[in-house]
Number of protein chains: 2
Amino acid sequence: RNRVLVTGGAGFVGSHLCDYLVARGDHVICLDNFFTGSKENIAHLIGKPNFEVIRHDVVEPILLEVDQIFHCACPASPIHYKYNPIKTAKTSFLGTMNMLGLAKRCKARFLITSTSEVYGDPLEHPQRETYWGNVNPIGERSCYDEGKRVAETLTMDYYREHNLQVRIVRIFNTYGPRMALDDGRVVSNFVSQALTNKPITVYGDGQQTRSFQYVSDLVKGLVTVMDGPEIGPFNIGNPGEFTMLELANLVKEVVNPKAVIEYRENTADDPKCRKPDITKVKTTLGWEPVVPLREGLERMVDDFKKRLGVE
Amino acid sequence: RNRVLVTGGAGFVGSHLCDYLVARGDHVICLDNFFTGSKENIAHLIGKPNFEVIRHDVVEPILLEVDQIFHCACPASPIHYKYNPIKTAKTSFLGTMNMLGLAKRCKARFLITSTSEVYGDPLEHPQRETYWGNVNPIGERSCYDEGKRVAETLTMDYYREHNLQVRIVRIFNTYGPRMALDDGRVVSNFVSQALTNKPITVYGDGQQTRSFQYVSDLVKGLVTVMDGPEIGPFNIGNPGEFTMLELANLVKEVVNPKAVIEYRENTADDPKCRKPDITKVKTTLGWEPVVPLREGLERMVDDFKKRLGVE
Ligand SMILES: NC(=O)c1ccc[n+]([C@@H]2O[C@H](COP(=O)([O-])OP(=O)(O)OC[C@H]3O[C@@H](n4cnc5c(N)ncnc54)[C@H](O)[C@@H]3O)[C@@H](O)[C@H]2O)c1
Ligand SMILES: NC(=O)c1ccc[n+]([C@@H]2O[C@H](COP(=O)([O-])OP(=O)(O)OC[C@H]3O[C@@H](n4cnc5c(N)ncnc54)[C@H](O)[C@@H]3O)[C@@H](O)[C@H]2O)c1
Ligand SMILES: O=c1ccn([C@@H]2O[C@H](COP(=O)(O)OP(=O)(O)O)[C@@H](O)[C@H]2O)c(=O)[nH]1
Ligand SMILES: O=c1ccn([C@@H]2O[C@H](COP(=O)(O)OP(=O)(O)O)[C@@H](O)[C@H]2O)c(=O)[nH]1
Ligand SMILES: O=c1ccn([C@@H]2O[C@H](COP(=O)(O)OP(=O)(O)O)[C@@H](O)[C@H]2O)c(=O)[nH]1
Ligand SMILES: O=c1ccn([C@@H]2O[C@H](COP(=O)(O)OP(=O)(O)O)[C@@H](O)[C@H]2O)c(=O)[nH]1
């Protein structure tokens with residue numbers, strides 16, 4: 001039986017990953033400090049014989065016996081990671097260090113959920129894994145961006161120094177059910193706004209682009225990379241690229257045609273564009289996303305309605 | 001009386017800084033784990049009433065009472081920082097975190113000796129402080145480069161979150177007496193080779209450039225920034241730019257005209273050029289370097305002869 005640790009398992013991505021692994025029959029340990037995650041996200045798993053939860057902060061060491069570690073614990077949305085930037089950097093560095101130490105002791109395989117933010121405000125478009133990025137080391141986003149970059153560094157050095165089995169995934173913007181309602185990310189904002197008849201808030205001129213992946217595609221990508229033979233780094237994302245204005249209009253169409261769009265000032269160091277080149281993972285591991293944006297938005301509306309208490 | 005902590009105070013830069021501060025009358029605490037530093041570098045200070053040494057590793061917390069912290073503890077030459085990359089990253093992150101925590105508790109002013117390596121293999125030339133850099137996050141140099149970048153991030157976040165008094169200095173290649181003989185850096189290699197009648201080893205085609213600053217200029221720069229009113233980051237370096245072949249020929253001229261030049265394979269991710277734009281520190285604080293390369297080389301020859309036991 002495969003004993004799998006999912007750190008950040010009560011979060012958005014982590015909880016969907018736990019669902020998948022529990023269904024597959026693995027023994028899953030979900031570790032979380034519940035900073036941005038919630039009991040609700042995993043409530044339906046509690047009580048299953050092959051699932052358990054540990055309340056723990058990854059900046060502290062922990063002793064467990066496992067075969068695989070999906071290391072997802074880290075606040076991921078700008079609102080949350082800017083809330084206490086020092087803690088964010090500690091989570092990224094110390095959390096990754098502790099989980100690598102654990103993996104080393106257990107001879108477990110370790111996967112880090114890094115991010116497209118390691119490319120920063122990219123000068124190469126779309127971004128390939130060979131691109132070194134354009135990141136402000138001392139800006140307001142750096143606790144997250146630089147935190148993830150150095151977490152990748154540590155991961156590669158545990159591979160090089162200790163021959164640990166490691167995997168590096170760079171996740172591009174992902175959306176779906178269970179996204180925190182208050183996390184300020186664009187898809188959850190727009191969908192909530194449209195559902196509650198508030199104006200859809202487009203930051204800046206709305207011409208900046210992102211590429212949005214539905215969470216079930218990501219989960220399959222993570223498992224594919226973990227079980228595959230290559231370290232990576234691998235971009236995991238959906239190459240469909242949209243401006244924020246296009247997204248706003250699509251949300252209107254799908255959720256509420258009467259919604260109004262309003263413009264707001266943009267935040268500091270906001271990347272102007274982002275789109276994964278997924279050639280590497282497609283050709284080496286055969287993974288690619290299958291859920292188009294419109295369909296993914298439709299799939300998340302029910303969950304948001306329920307949680308917002310509308311209709 | 002100014003109580004000053006110099007971490008890495010038994011190293012090349014730190015020991016010259018201790019000399020300056022002790023002469024100025026500060027009470028100096030030199031903290032070092034002696035990984036690359038040595039007792040020799042500070043032997044002449046031991047016994048002075050305003051100087052003391054603590055053997056301690058900055059990855060562990062420590063309680064001291066101080067007014068200023070010059071945080072220099074970190075292996076700086078590629079040979080040493082690649083020796084144990086995980087330890088290098090820990091020293092950079094945990095060491096900086098602990099010294100920031102100490103500064104916060106003492107309300108001390110904190111200066112970090114960052115590096116021109118945060119610019120990586122720069123696409124902007126010369127480098128200004130606004131440049132975000134071109135660094136490989138998962139290469140062999142990343143433990144140092146990314147370690148320093150995230151140390152700058154932490155420093156800025158202690159400023160933003162706790163209003164700590166911080167200073168960030170990005171040091172460009174520095175040379176002078178007391179450089180470790182075995183550290184593989186280009187100036188110490190060339191001077192040692194020329195003095196011992198070994199071939200001068202130029203890596204690659206020798207067309208890569210660096211800008212070399214004499215250590216007394218750096219020490220004045222560090223103190224100027226620490227005592228000045230601005231956070232930085234400030235580039236501290238000498239804008240005189242030389243190819244490695246030019247440097248080799250100058251060393252021949254100054255040290256040993258009979259020396260022979262030999263070419264060797266270059267190392268991974270070697271930056272092709274590097275030259276500081278020092279406009280910011282010059283205009284805001286009035287600092288600029290005064291020792292030209294030829295003169296600096298002449299000044300370090302005696303020290304190297306003594307330590308190598310030649311003539
Ligand atoms: N969702 C995306 O679009 C996206 C994009 C790129 C990368 N990622 C990465 O994927 C991972 C999961 O992101 P998410 O979207 O699910 O975010 P999330 O905030 O929903 O989940 C993160 C989880 O980690 C937990 N956590 C945070 N700090 C912790 C700590 N110190 N100790 C223990 N648990 C801690 C939180 O409570 C939460 O349950 C993160 O590492 C994130 O950086 C996500
Ligand atoms: N010399 C340069 O050209 C240069 C250029 C850029 C930046 N810097 C920075 O300046 C600082 C000093 O560099 P240097 O050239 O004097 O190098 P050095 O190796 O001579 O000095 C570093 C000192 O730190 C000590 N040290 C290392 N790890 C430690 C730890 N974990 N705990 C306690 N002490 C530790 C070493 O023993 C040594 O005495 C470093 O932070 C370096 O990154 C130097
Ligand atoms: O089962 C383990 C093994 C290690 N660690 C932590 O992981 C980190 C890195 O461990 P490693 O053995 O690589 O380094 P070291 O202990 O030598 O610093 C250390 O801080 C450990 O406390 C952990 O939390 N659980
Ligand atoms: O209500 C919102 C929230 C975000 N954004 C924009 O949407 C993009 C994606 O932001 P998000 O915080 O979701 O993710 P990230 O910037 O981390 O990719 C950015 O350009 C934001 O400026 C927006 O226009 N309106
Ligand atoms: O005098 C001190 C105060 C703090 N620290 C260390 O500095 C780090 C950061 O301290 P801070 O107070 O900022 O953070 P916290 O203790 O809240 O994590 C901690 O690991 C402390 O152990 C230290 O070494 N000496
Ligand atoms: O014996 C040597 C040592 C270094 N170098 C080159 O000198 C430059 C500076 O190297 P160093 O290690 O001194 O510093 P850094 O690369 O950190 O600037 C690099 O291009 C090296 O390839 C060289 O040609 N011969």
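These legends go with a set of close-up views of a predicted model.

**View 1. Where chain B meets chain A.**
Here 37 residues of chain B are in contact with 37 residues of chain A. The size of an interface is often given as the accessible area lost when the parts come together.

**View 2**
Zoom in on the charged groups and you'll find two salt bridges running across the interface of chain B and chain A. One to pick out is Arg149(B) with Glu146(A), where the side chains meet at 2.7 Å, N to O. There are also 12 residue pairs in polar contact across the interface of chain B and chain A, both partners at pLDDT 80 or more. As for which parts of chain B do the touching, helix 3 (85–106), helix 4 (142–162) and strand 6 (166–171) each supply at least two residues of the side that touches chain A. Helix 4 of chain B gives the most, with 15 residues. Sorted by class, that side of chain B has 17 nonpolar, nine polar and 11 charged residues.

**View 2. A stacked tyrosine pair in chain B.**
Over all chains, the structure holds 11 aromatic pairs. In this one, the ring centres of Tyr81(B) and Tyr144(B) are 4.4 Å apart and the planes sit at 5 degrees, so the pair counts as stacked; the cut-off for that label is planes under 30 degrees apart. The two partners come from distant parts of the chain: Tyr81(B) is in helix 2 (residues 78–81) of chain B and Tyr144(B) in helix 4 of chain B, 63 residues apart. Buried or exposed, these two tyrosines, Tyr81(B) and Tyr144(B)? Both Tyr81(B) and Tyr144(B) are buried.

Tyr119(B) has a relative accessible area of 1%, so it is buried. Phe172(B) is buried as well, with a relative accessible area of 1%. Over in chain A, Tyr119(A), Tyr131(A) and Phe172(A) form one aromatic cluster.

**View 3. His56(B) and the residues around it.**
His56(B) sits in the loop between strand 3 (51–55) and strand 4 (68–71) of chain B. Its relative accessibility is 15%, so His56(B) counts as buried. What does the side chain of His56(B) reach at 2.9 Å? That would be the backbone oxygen of Glu60(B). Leaving out residues up to four places away in sequence, His56(B) touches Leu31(B), Asp32(B), Asn33(B), Pro61(B) and Ile62(B).

**View 4. Two cis peptide bonds.**
Most residues other than glycine have a negative phi, and most peptide bonds are trans. In chain A, a cis bond joins Gly232(A) and Pro233(A), with omega at about 5 degrees. Look for Pro233(A) in the loop between helix 7 (215–227) and strand 11 (234–236) of chain A. In chain B, a cis bond joins His125(B) and Pro126(B), with omega at about -10 degrees. Pro126(B) lies in the loop between strand 5 and helix 4 of chain B.

**View 5. Positive phi values in chain A.**
Phe34(A) has a phi near 60 degrees, a positive value in a residue other than glycine. You'll find Phe34(A) in the loop between strand 2 (27–32) and helix 2 (39–42) of chain A. Its relative accessibility is 15%, so Phe34(A) counts as buried. Asp269(A) has a positive phi too, near 55 degrees, and belongs to the loop between strand 13 (261–264) and helix 9 (279–285) of chain A. At 28% relative accessibility, Asp269(A) counts as partly exposed.

Notes. Residues are numbered from 1 along each chain as its sequence is written. Chains are lettered from A and ligands numbered from 1 in the order in which they are written. This is a predicted model: local features need pLDDT of at least 70, side-chain atom pairs count only at pLDDT 80 or more; totals for chains, interfaces and linings use all residues. Side-chain values use heavy atoms; hydrogens and water are left out. Contact means heavy atoms within 4.5 Å. A salt bridge is a side-chain nitrogen of Lys or Arg within 4 Å of a carboxyl oxygen of Asp or Glu. A polar contact is a pair of N or O atoms within 3.5 Å; within protein, one must be able to donate a hydrogen and the other to accept it, and residues adjacent in sequence count only if both atoms are side-chain atoms. Helices (H or I, at least four residues) and strands (E, at least two) are DSSP runs, numbered from the N terminus. Ala, Val, Leu, Ile, Met, Phe, Trp, Tyr, Cys and Pro count as nonpolar, Asp, Glu, Lys and Arg as charged, and the others, Gly among them, as polar. Rings of Phe, Tyr and Trp (its six-membered ring) pair if their centres lie within 6.5 Å; planes under 30 degrees apart count as stacked, over 60 as edge-to-face and the rest as tilted. Buried means under 20% relative accessible area, exposed over 50%, partly exposed in between (1.4 Å probe, protein chains only).
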